[in-house]
Amino acid sequence: MAEKLAPEKRHRFLHNGQTVFEWDQTLDEINIYINLPPNVHSKQFYCKIQSKHIELGIKGNPPYLNHELTCPVKTDSSFWTLEDDVMHITLTKRDKGQTWASPIMGQGQLDPYVTDQEQKRLMLQRFQEEPSVACLCLQLNAKTMTSTAISPSSLRKHRTFSIEA
């Protein structure tokens, strides 16, 4: 069922009218796709993934990307591959479910509406993947309405709930 909530399309990061990379995200991962230049042997490409930094390019040349990441990643489960003239970088989010507005700090940020849509899609995907969520409790106050997921174990600890108006 979670497959239905996979990203519908990739986001594009443009610089001077040229696509630098495309990207999408799931609950667990950020995927970055970079079209490779022609006539460069695959062994000449490199990609270094650190917790909050990424660097990639062609060996012996200045890096194509050398930037801080928006959020930390798990380096032991992040990786990159080359397929059909595309470098595919999979970054495993350190904080599952966190919505990223862009993989690169300060570059190609999604607009607030698209970020909100991404957050809703990821939240729905999370609820579908985590069947242990027993109920959705609404906390109301005069100014805002927020929702909080309560697991069965939390429900046993908190037997009474109040609604403030």
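This briefing covers the strands, a pocket and the salt bridges of the structure above. The model is predicted. An open sheet of 5 strands runs in the order β1-β2-β3-β8-β7, with antiparallel pairing. The second largest pocket has a volume of about 220 Å³, and β2 gives the largest share of its lining, 4 residues. Across the whole structure, a search finds 4 salt bridges.

**Sheet layout**

- The strand order is β1-β2-β3-β8-β7, and the pairing is antiparallel. β1 and β7 (73-83) stand at the edges with a single partner strand each, so one side of each has no neighbour in the sheet. From one strand to the next, the twist averages 20 degrees.
- In a regular strand, side chains alternate between the two faces of the sheet.

**Strand pairs and hairpins**

- β1 (residues 11-15) and β2 are joined by 5 bridges and run antiparallel. F13 has F21 of β2 as its bridge partner.
- The hairpin of β1 and β2 has 2 residues between the strands. In this hairpin, N16 takes a positive phi near 55 degrees.
- β2 also pairs with β3, in the antiparallel sense, over 4 bridges. Here Q25 stands opposite I30 of β3.
- A hairpin is formed by β2 and β3 too, with 3 residues between them.
- At the other end of the strand order, 7 bridges join β7 to β8, and the two run antiparallel. L82 stands opposite M87 in β8.

**Second largest pocket**

- The pocket's volume is about 220 Å³. Its lining counts 17 residues.
- I34, N35, L36, P37 and Y64 lie nearest the pocket centre.
- Four strands each supply at least two lining residues: β2 (18-25), β3 (29-35), β5 (53-58) and β8 (86-93). The largest share, 4 residues, comes from β2.
- By type, the lining divides into 12 nonpolar, 3 polar and 2 charged residues.

- Side chains of opposite charge can pair when their charged atoms come close. The search of the whole structure gives 4 salt bridges; three of them follow, including one between distant parts of the chain.
- K96 and D28 meet through their side chains, at 3.9 Å from N to O. K96 sits in the loop between β8 and α1 (112-129), and D28 in the loop between β2 and β3. The two are 68 residues apart, so the pair links distant parts of the chain. K96 is partly exposed at 34% relative accessibility, and D28 is partly exposed at 32%.
- E55 and K48 form another salt bridge, with their closest N and O atoms 3.9 Å apart. E55 counts as buried, because its relative accessibility of 18% falls under the 20% cut-off. K48 is partly exposed, with a relative accessible area of 45%.
- R94 and D95 also meet in a salt bridge, at 3.5 Å from N to O. R94 counts as partly exposed at 48% relative accessibility. D95 counts as partly exposed at 31%.

Definitions and conventions
Residues are numbered from 1 along each chain as its sequence is written. This is a predicted model: local features need pLDDT of at least 70, side-chain atom pairs count only at pLDDT 80 or more; totals for chains, interfaces and linings use all residues. Side-chain values use heavy atoms; hydrogens and water are left out. On a 1 Å grid over the protein atoms alone, a cavity is a set of points where a 1.4 Å probe fits but cannot get out, and a pocket is an open set with protein on both sides within 12 Å along at least five of seven lines; lining residues have an atom within 4 Å of a point. Grid points are joined across faces, edges and corners, and a volume is the space filled by probe spheres set on the points. Ala, Val, Leu, Ile, Met, Phe, Trp, Tyr, Cys and Pro count as nonpolar, Asp, Glu, Lys and Arg as charged, and the others, Gly among them, as polar. Buried means under 20% relative accessible area, exposed over 50%, partly exposed in between (1.4 Å probe, protein chains only). Two strands pair if DSSP finds at least two bridges between them. Axes are lines fitted to C-alpha atoms, for helices over the stretch in contact, and angles run from 0 to 180 degrees between N-to-C directions.
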